[in-house]
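This report describes one protein chain for a reader new to it. Please look over the sequence and the model before reading on.

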Amino acid sequence: MAPIDIPAKASPPREKPLPPHKEEKPPVSTTAPPPDGGWGWVVVFASFMIHIIADGITYSFGVFLVELIDKFGADRGAASLIPSILVGVTLGSGPIASYFTNRYGCRAVTIAGAILAAAGLALSCAANSIVVLYFTIGILTGFGFGLIYLPAIVSVSIYFEKKRAFATGIAVCGSGVGTFIMAPVTKGLISQFGWQGAMLVTSGLILSCILFGCLMRPIKEEINKEQNGTDEEKELLTITNGKCQNGGPLPELLLNGSTISPMKPFSQQMA
């Protein structure tokens, strides 16, 4: 009797596997909490010294007025306008300084402000009128002090939360110390080197704020790997026709310590 060929039933078409579903994770803040100490006390010291120099020079600038009146033959009202512009520009440049601080950080803004303030005071030595001093001291040095003053406060608040009031109080008390110290220091420099030499020495003192600005180290952004899940993304493994969907090698299957070969496609099994 001749054998009867029974046609094999065609297997139903396989549905395409759905792409792995990735769960959306809530955004995690990458800002590190204030350490309330540690390097923060170095930042407090830097801010304290900046207040001594910047505010000390600003509030004791009246010592120069007598020499400037005699040099340029100006009246007291015209000469007193120099420190007025200086203080006004320093405090009025707060919004601009805050923009640069948010964009470039406290360290870069402080360094730029120290260079600008020192340059303005050094250029004042070549001034030939009171009007020139309005620009060099009042605007340039004033704006430079404004770029120094704001980061000195912000940097302390970044490093402290529970002790913020105490740390800020230590930093800003440098203004009083600087006003007390810089007046006799400026008077001694004028008597020794003249008003032009005293301004050069004072501009060099302002450049020391660059070193204090370098101490304003930004807090590193620390991310908790357990919370944000930044280790390795877990993906579903999908095998289609004996190949991994992601293009990687087939995984090894173990059964009682023995390796099992991966499953072959259905078309190869029927061959």
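## Confidence

pLDDT is the predictor's confidence in each residue, from 0 to 100. The chain average is 78, and 69% of the residues score at least 70.

Over residues 221–234 pLDDT stays under 50, and the model has 11 contacts (heavy atoms within 4.5 Å) for them beyond four places in sequence. Where pLDDT is low, the predicted coordinates should not be read in detail.

## Makeup of the chain

The chain holds 11 helices and four strands; these are DSSP runs (helices H or I, at least four residues; strands E, at least two), numbered from the N terminus. Of its 271 residues, 33% count as buried, meaning under 20% relative accessible area with a 1.4 Å probe, protein chains only.

## Helices 4 and 5

Helix 4 (residues 94–104) packs on helix 5 at an angle of about 130 degrees, and their axes are 7 Å apart. Helix 4 is therefore oblique to helix 5. F100, T101 and Y104 of helix 4 meet C106, A108 and V109 of helix 5.

## D55

D55 is part of helix 1 (residues 40–59). Leaving out residues up to four places away in sequence, D55 touches I50, Y149, S175 and T179.

## Basis

Residues are numbered from 1 along each chain as its sequence is written, and side-chain values use heavy atoms, without hydrogens and water. Local features need pLDDT of at least 70 and side-chain atom pairs 80 or more, while totals for chains, interfaces and linings use all residues.

Notes: Axes fitted to C-alpha atoms, helices over the stretch in contact; angles between N-to-C directions. Parallel < 35°, antiparallel > 145°, perpendicular 65-115°, else oblique. Buried < 20%, exposed > 50% of the residue type's maximum accessible area, 1.4 Å probe, protein only.
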